[in-house]
Amino acid sequence: MLEGQDITVMGGGIGGFAAATALAQRGARVRVLEQADEITEVGAGLQISPNGVRVLDALGLGDGARARSTRSRGVWLRDGPSGREVIDLDLARLRPDADFLLFHRADLLDLLAGAARDAGVDIVTGARVEKVDVGPGRPTLHIAGQGAEEVGFLVGADGLHSVLRPELNGTHPPFFTGQVAWRAMVPATGREEPEASVFMGPGRHMVTYPLRQGQVVNLVAVEERKEWAEEGWFIRDDPANLKSAFRGFCQDAQDVLNRVEEVHVWGLHRHPVALEWHKGFCALLGDAAHPTLPFIAQGAVMALEDAWALADSLDSTGLLDGPALYQARRRHRVERVIEAANKNARNYHYGNPMAKVLGHNVLRLAGRFAPEKVLGRFDWIYDYDVTQA
C-alpha cells in the first residue's frame, strides 16, 4: 500500500533513517528533513542488542553492521570501590548465536544514512521545522526560511524536543530524576576486552566498553545528586568534576578516568510515554514518543523496532489506518522496557552497605550456579523479533 506514497520524516537520526529506509524499500517516496547542516553525530557509544540487530538484518544491513561494530563478549559487573568481581556474564557462551554489538554512534548513523540514500531517500539538511499544523487533512510544515508546505504523511522522528509531539499530546514537562550522566571517549590501551564493564558504587556507577576494533573506549558515568542539571547531549563539563565524583573507585576505573580529556554531562529526566502517537496522517517514533533512561541500553534499539513496525503497519493497512496499528503493536512493549530501565538504575547504586553486600552476594551465587537465569531476566527484550511480530 506504500507504492508511490509521499512520506516526510523529520529527523536524521537512527530512528529517522531506519524508518526512511524501511518505508522506501516498500515503495514509498521518502524525504528526510534534518535541521543540522550536515549529517553528523556526537562521539558516543551504543549497545545494540539482538532485537535491534534483527531490524538491521531485515533492512539488509547485517553484514555492514557487524563489520563496523565490535561484538560484545560479555558484561562484567564489579564493585566500584574495591574492584572485586560481582558477576561476569559470558555472552559468547550463554548466547552464542545472539549478536550484542558495540557501535560508535557515528558509524551506525553513517550506515543507516547510506542505506537510506541507496533506497532512493531524499535527504535534506539545514531544514529546521518550526511548527507543524496537524489539522483535519494533511499536515503542514512550517520550515524556517522556506514557509509552509503540505506533506502527504509525516513521521516525527525528531527526538526529545519534537515539534510534532506537543501538537498531538500537549506539553507535559519532564521531571529531573536526581541523576546526571557524563559521556566521554578515551584512547584505548589495546588491552581492553570486547565487553561492557560496569563499576558499581553507592549512588553512582560507570560503564566502559571498547569501540572501533579497540581503538577507543566509550565511557558513561552516572551519579545521583540533588542539584538539577540541564537535559541535552552537548553540554561540556570539566573532566575534574567527573574524576572527583568517582575518586573512591578502584585503580582500573581510575585508569580510564585519567585518560578523559573532554567530557559532556546531561541531566537524566523522566518523560511520560506519549498518550497519542498518531493523528491523521502523522505518527511519532523513537524518543519523540517514548524517551527512556539509559540503564538497559534500549533507547536506540526501541527506535529501530519502531521504524520497522511503523513501515510494516503503514504498508499492510494504509496511511490512514496504519498508525493506529503501529501504536497498538508498540505501546505496551516500550512501556515495559522503560519501566525495566527505571528499575535497573537502582540495582547499580546500593547506598546501604548491608543491602549492597546482600545484593552483590546474590548475584555472585547466581553467576556461579545459574548465570543463564541472570541473563534470562531480559530474554523478553532480547529474543523479541519485531520483523516477525
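**A sheet, a helix and a pocket**

Eight strands form an open sheet of mixed pairing, in the order 6-5-14-15-16-13-18-17, where strands are DSSP runs of E with at least two residues and helices are runs of H or I with at least four, both numbered from the N terminus. This is a predicted model, in which local features need pLDDT of at least 70 and side-chain atom pairs count only at pLDDT 80 or more, while totals for chains, interfaces and linings use all residues. Residues are numbered from 1 along each chain as its sequence is written, and side-chain values use heavy atoms, with hydrogens and water left out.

Visitor: Which are the edge strands of the sheet?

Guide: Two strands pair if DSSP finds at least two bridges between them. An edge strand pairs on one side only, and this holds for strand 6 (85-90) and strand 17 (236-237).

Visitor: What angle does the direction of helix 9 make with that of strand 14?

Guide: Helix 9 (residues 299-348) packs on the sheet and touches strands 5, 13, 14, 15 and 18, contact being heavy atoms within 4.5 Å. Axes are lines fitted to C-alpha atoms, for helices over the stretch in contact, and angles run from 0 to 180 degrees between N-to-C directions. On that basis the angle is about 65°.

Visitor: How many bridges join strand 5 to strand 14?

Guide: Strand 5 and strand 14 run parallel, and Gly74 stands opposite Glu195 in strand 14. The number of bridges that join the two strands is six.

Visitor: Is His205 buried or exposed?

Guide: His205 lies in strand 15, and its contacts beyond four places in sequence include Val198, Phe246, Phe295 and Tyr348. Buried means under 20% relative accessible area, exposed over 50%, and partly exposed in between, with a 1.4 Å probe and protein chains only. Because the relative accessible area of His205 is 3%, the residue is buried.

Visitor: What is the volume of the second largest pocket?

Guide: On a 1 Å grid over the protein atoms alone, a pocket is an open set of points where a 1.4 Å probe fits, with protein on both sides within 12 Å along at least five of seven lines, and lining residues have an atom within 4 Å of a point. Grid points are joined across faces, edges and corners, and a volume is the space filled by probe spheres set on the points. For the second largest pocket this comes to about 410 Å³.

Visitor: Where is Glu192 found?

Guide: Glu192 is among the residues closest to the centre of the second largest pocket. Glu192 is partly exposed, with a relative accessible area of 26%, and is found in the loop between strand 13 and strand 14.
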